[in-house]
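Please keep the model open beside the text as you read.

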Amino acid sequence: MPDFIDDAIINAFYDLHRDLPRQGPGSDATTQRLLTLAGPLPDRPRTLDLGCGPGRAALLLADVAGAEVTAVDTHQPYLDQLRRSAIQRRLEHAIRPVNVSMAELPYPDHSFDLIWAEGSVYHLGFDHALRSWRRLLAPGGVLVVTECEWTTPDPAPDLRAYWDQSYPLRSTEQNLAAAKAADYAYTGYVLRTAPTSPTTPPMTRDENTMLHTWITRAETPQDIPAIRTVALGAFPTPLEADLIEALRVDEAWSPELSIVAQAPDGTVAGYALLTRCHVDAAPALALGPCAVLPEYQKTGAGSAAVRAGLQAARDKGENLVLVLGHPEYYPRFGFTPASAYGIRPSFEVPDEAMMALVFDDTIAVPSGTIVYPAPFGV
């Protein structure tokens with residue numbers, strides 16, 4: 001339970017909910033609808049049900065989706081109830097109840113195809129939960145999460161004051177923006193409005209959101225036409241698409257640093273490229289071109305490709321990446337003005353648009369003029 005809930009309230013909560021199949025809004029029909037919206041899953045999806053309670057969702061996921069469910073909660077009576085229910089339904093082979101905190105999950109990265117969190121994300125907070133759980137999702141994995149939200153921009157002052165102090169609520173748009181910032185691709189949601197009295201303004205609603213992770217990987221020869229399509233769709237002229245092709249045959253090219261972000265249906269939606277450049281004679285990397293298909297813009301595809309490219313560069317032992325780009329976009333990845341390091345391009349650009357990212361600031365950073373690969377033409 002969050003810090004603002006004391007022991008007396010916790011005990012009252014458990015007493016009130018004893019023997020109930022669910023501890024929050026929803027029904028089996030809601031769970032089935034969310035499962036349908038989550039899209040295609042493996043035949044036996046490895047599933048993590050966080051804050052499972054007595055396991056109503058876990059039972060349905062095992063029965064309907066054929067899921068292998070790891071059901072996590074810290075209230076042992078709920079887990080015991082789930083174990084009994086699984087035996088009664090002959091699903092004990094598919095459900096593993098585990099008494100562990102969702103804040104200290106002991107599972108390796110990429111362990112689950114589906115993470116299910118109905119009515120439990122508030123224990124960690126929406127932003128922190130999405131960031132900490134993301135590592136557990138396999139490529140193409142899906143997170144289904146519910147969160148309470150305001151249904152009006154002007155809630156009653158006393159309600160606003162209470163929730164601002166206890167657990168600040170946000171709008172759907174704000175939560176989706178937070179999900180995209182955590183590199184999830186939003187695929188849909190279902191709204192459930194909480195009951196209110198006729199004299200009470202609408203307060204909150206429960207949002208069920210499906211969030212996909214992007215599959216990010218180095219390009220293959222089969223991706224080359226799709227990458228050109230992405231670049232042609234993202235920019236008004238073919239210059240960037242032609243530049244990518246010219247760099248592909250240049251000595252500056254590193255195949256493992258040409259990164260695609262693939263949607264769950266296999267579409268190459270985003271792209272990021274890093275190639276060798278120099279600061280005077282010292283090696284560095286230039287980030288760009290980066291591109292996203294128009295229909296996938298603002299879904300996190302571009303951010304996912306950039307982050308994967310930067311991680312690949314770090315894994316290769318690189319320490320300095322340079323980018324000429326939007327000063328309100330690239331700082332999210334850690335870029336800062338290159339001029340602070342004494343690094344400058346050979347042409348005039350706004351200072352804030354020429355940026356640098358240093359992975360290890362204990363290593364000396366070269367200063368001087370950026371020398372781009374020949375295909376850049378500068």
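A crossing of two helices is called right-handed if the near helix is turned clockwise from the far one by less than a right angle, and left-handed if it is turned anticlockwise. With that in hand, we can look at a first pair in this predicted model: α2 passes α3 in a right-handed crossing. Helix α2 covers residues 28-37 and helix α3 covers residues 56-64, and their axes come within 10 Å and cross at roughly 50 degrees. On the α2 side, the contact is made by D28, T31, Q32 and L35, while α3 brings R56, A57, L60, L61 and V64.

Another helix pair is α8 with α9. These two pack at an angle of about 145 degrees, and their axes lie 8 Å apart. Here I224, I227, R228, A231 and L232 of α8 meet A241, D242, I244, E245 and R248 of α9. This contact holds 6 nonpolar and 4 charged residues, with no polar ones.

The two pairs can be set out together:

| Helix pair | Axis distance | Angle |
|---|---|---|
| α2 and α3 | within 10 Å | roughly 50 degrees |
| α8 and α9 | 8 Å | about 145 degrees |

Now for the chain as a whole. It contains 10 helices and 16 strands, and buried residues make up 50% of its 378 residues. Among contacts with a separation of 6 or more, 69% join residues 24 or more positions apart.

In soluble globular proteins, nonpolar side chains tend to be buried together. Which residues touch the most other members of the largest nonpolar core? They are W214, L287, L310, V321 and F335, in a core of 44 residues. Elements giving two or more residues to this core include the helices α8, α9 and α10 and the strands β9, β10, β11, β12 and β15. Helix α10 gives the most, with 8 residues.

Leaving aside neighbours within four places in sequence, L287 is in contact with A272, L273, L274, V306, V321, L322, V323, Y330 and F335. Away from this set, a second, separate core of 31 residues includes L105, F126, W133 and A178.

Key: Residues are numbered from 1 along each chain as its sequence is written. This is a predicted model: local features need pLDDT of at least 70, side-chain atom pairs count only at pLDDT 80 or more; totals for chains, interfaces and linings use all residues. Side-chain values use heavy atoms; hydrogens and water are left out. A nonpolar core is a set of buried Ala, Val, Leu, Ile, Met, Phe, Trp, Tyr and Cys residues joined through side-chain atoms within 4.5 Å. Buried means under 20% relative accessible area, exposed over 50%, partly exposed in between (1.4 Å probe, protein chains only). Helices (H or I, at least four residues) and strands (E, at least two) are DSSP runs, numbered from the N terminus. Contact means heavy atoms within 4.5 Å. Axes are lines fitted to C-alpha atoms, for helices over the stretch in contact, and angles run from 0 to 180 degrees between N-to-C directions. Ala, Val, Leu, Ile, Met, Phe, Trp, Tyr, Cys and Pro count as nonpolar, Asp, Glu, Lys and Arg as charged, and the others, Gly among them, as polar.
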